[in-house]
Amino acid sequence: MMAAPAVPKSWYLPSKPHKFCPGCGHGIVLKALGEVIDELDIQNDTIFGCDIGCSLLSWDFFNCDSTQTHHGRTTPVMVGIKRARPELVCIGYMGDGGGYSIGSQHLLNSAVRNEKITLILVNNTNYGMTGGQMAPTTLPGQKTETSPFGRDPQLTGYPTMGPEFLAELTSEGAFIARATVSKYRQLKKHLKNAIINQMEGNGFSFVEVLSTCPTNWKTNAQQTWAFLEDQMEKQFPVGEFKSPWGKGVK
Amino acid sequence: MGKIIGEPKKAFITGNEAVAWACLVSGAEIMFGYPITPQNEVMHYWTRLAPKYDRRFLQTEDELSAGFTTCGAVQSGVKAFTATAGPGNVLMQEPFGMAEAMRLPLVAMIQQRGGPSSGTVIYSQQEVTLTTFGGNGEGHRIVYSTSGHQEIYDYLIKAFNVAWKYRFPVFVLGDGYQAKMREPLEMYDPEDHGIELVKPYPLIGLGGKIGEEREPSHLCNIYSMEEELYDVVMKMAAEYEAITPQLMEWEEEFCEDADILIVSHGVVARAAYDAVKALRSQGIKAAYFRPISLRPFPAQQLRDAIAKSGAKKMLVAESAYGQFERLLKQEIYGETIKIEHLFMPGVGIIDYDVIEKVKSIL
């Protein structure tokens, strides 16, 4: 008999199987996050806040307390909870549209204020839930429903480089990284550090995760992985951008 | 910690200062705010008072954030509030909508200023529609329209209690005149006045071992099926309607016998009251009616006042172009009393304005 795949203890089983499209990267991010919650033993202290967009499907994903907010507004809701109850571990989960576009003022200002929260932003280069429109992270030339002939940087600029600008904005104590679902161990390490950083009270913690969206990219499995590894990772370098511990210490 | 006020004391302060004191004695732990006139001094007083009582403040990046941080704080079980006005009230309709949908005990002080858009920075009654029915919802919220500093103090204490008792967002609707002028009021400790403060409780971050001692608390704010949302809204409507008898507040005088019934709200009601007394002294049978709660609206009480007074005419006076009158008309649909109005959008109304108007229509 085949053993059942290991499921993080912090997953909420009645909501499984999850509701993301086949081939979507969200499941990988949430698996890594679940394992981190287990390893840090913070299931009872975690508040998981999810944005609107595909990330909203994770509202009952964990066996943790959670809240569903508005598009772009997960950051201030997490800030409000953390300011009111600093002992809680507040994790905001959002997409690239929610974080870099409609909620960018919250992201930027909470980073400047060094809010002691952890934000995970899943970058799949488009607005998935609404049907594949151009996002701040859409690659130059990439076709979406609102850039049907390819994103023209002369008209709509270049992709938003989140961790790069957040690393510049934040003060000491912040943890800023970019991960990808194609490198699971690195993804999990960054997520773990981003939560430990909050628990230690050092500062703002942010991880962008490059992820896949075969439904809206209209790609098969091979093309999906190729787009992630060959194109996205070229545009968006993965790694640690800022850490209170110095590179590679933790 | 000792009492904040101790013996009740007379104070001569601005309305914005009264807001800060009222929130303090109500047990508010944290305020989130963003600068906008005419509510700024709420933050100015709060930031000076709060540290003395171990309370906190965060100046957010905008009103969206001030509203949503307040939503987050109350979800975690802490009494929290915000204050805003005008375009800030527009932006806050988004978080206020979330508070409505998720039944969050959010409290907000709205100091109305002139509109549309940036308008003027001090006074109007032009945020009635926005505050009562703003957002993409059904207006399941509680709105008290105050007429002066004592009421600002009293109704903010009530706002926190009502919010945490019933879990609907509560708005205290003032204006820049009330915000900025100084007048006397009595400040007191609510519990010395026999007002029991309703204790806050968390909706998330409940403690205990999840999965062993309790289920996780998953707060939902988006529904996959139309029927799911239908059930949520119908339940909300039923619960709101069930508590409306306890929430309705109004004032009336001379309604036993009158030719004209003068209806107003907020600070305009003070001018209307003076006008009614002056008209009475001149032999004109005027009556005074003032809804204090605009949501829910004391409709039956107004219908009763119309019936028992025998008045043939009603005068609606407001510092807006009919926002209050529209609310009133929909609430007393079917009444045949002739409704006249004195609309002075964005400017103050004094007793003389009301008296002149009454004389011109009687």
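Contact here means heavy atoms within 4.5 Å. With that in hand, let me start with the interface. Please keep in mind that this is a predicted model.

Chain A brings 33 residues to the contact, and chain B brings 37 residues. The two chains bury about 2,900 Å² between them, and carbon and sulfur atoms account for 56% of that area. On the side of chain A, three residues stand out: Asn44(A), Asp65(A) and His70(A) supply 20% of the area that chain A buries against chain B, more than any other three residues.

Next, the polar side of this interface. There are 24 residue pairs in polar contact across it, with both residues at pLDDT 80 or more. The count of salt bridges between chain A and chain B is 3. One of them links the side chains of Asp65(A) and Arg214(B), at 2.9 Å from N to O.

Which elements of chain A give two or more residues to the side that touches chain B? They are strand S2, residues 65–68, helix H2, residues 74–84, and helix H4, residues 104–112. H2(A) gives the largest share, 7 residues. Sorted by class, this side of chain A holds 14 nonpolar, 12 polar and 7 charged residues.

Strand S9 of chain B, residues 218–219, runs parallel to S2(A), and 2 bridges join them. In this pairing, Thr67(A) stands opposite Leu219(B).

Now to one residue of helix H2 of chain A, namely Thr74(A). Is Thr74(A) buried or exposed? Its relative accessible area is 0%, and the cut-off for buried is under 20%, so Thr74(A) counts as buried. The side chain of Thr74(A) makes a polar contact of 2.6 Å with the side chain of Asp51(A). Another polar contact, of 2.8 Å, joins the side chain of Thr74(A) to that of Thr69(A). Setting aside neighbours within four places in sequence, Thr74(A) touches Asp51(A) and Thr69(A), and also Gly49(A), Cys50(A), Gly92(A), Tyr93(A) and Met94(A).

Last, a pair of strands within chain B. Strand S6 of chain B covers residues 142–145; Ile142(B) and Tyr144(B) point one way from it, Val143(B) and Ser145(B) point the other way, and all are buried. S6(B) pairs with strand S7 of chain B, residues 170–175, in the parallel sense over 4 bridges. Within that pairing, Ile142(B) stands opposite Val170(B) in S7(B).

Terms used:
Residues are numbered from 1 along each chain as its sequence is written. Chains are lettered from A and ligands numbered from 1 in the order in which they are written. This is a predicted model: local features need pLDDT of at least 70, side-chain atom pairs count only at pLDDT 80 or more; totals for chains, interfaces and linings use all residues. Side-chain values use heavy atoms; hydrogens and water are left out. Buried area is the accessible area (1.4 Å probe) that two parts lose on being put together, summed over both. A salt bridge is a side-chain nitrogen of Lys or Arg within 4 Å of a carboxyl oxygen of Asp or Glu. A polar contact is a pair of N or O atoms within 3.5 Å; within protein, one must be able to donate a hydrogen and the other to accept it, and residues adjacent in sequence count only if both atoms are side-chain atoms. Ala, Val, Leu, Ile, Met, Phe, Trp, Tyr, Cys and Pro count as nonpolar, Asp, Glu, Lys and Arg as charged, and the others, Gly among them, as polar. Two strands pair if DSSP finds at least two bridges between them. Buried means under 20% relative accessible area, exposed over 50%, partly exposed in between (1.4 Å probe, protein chains only).
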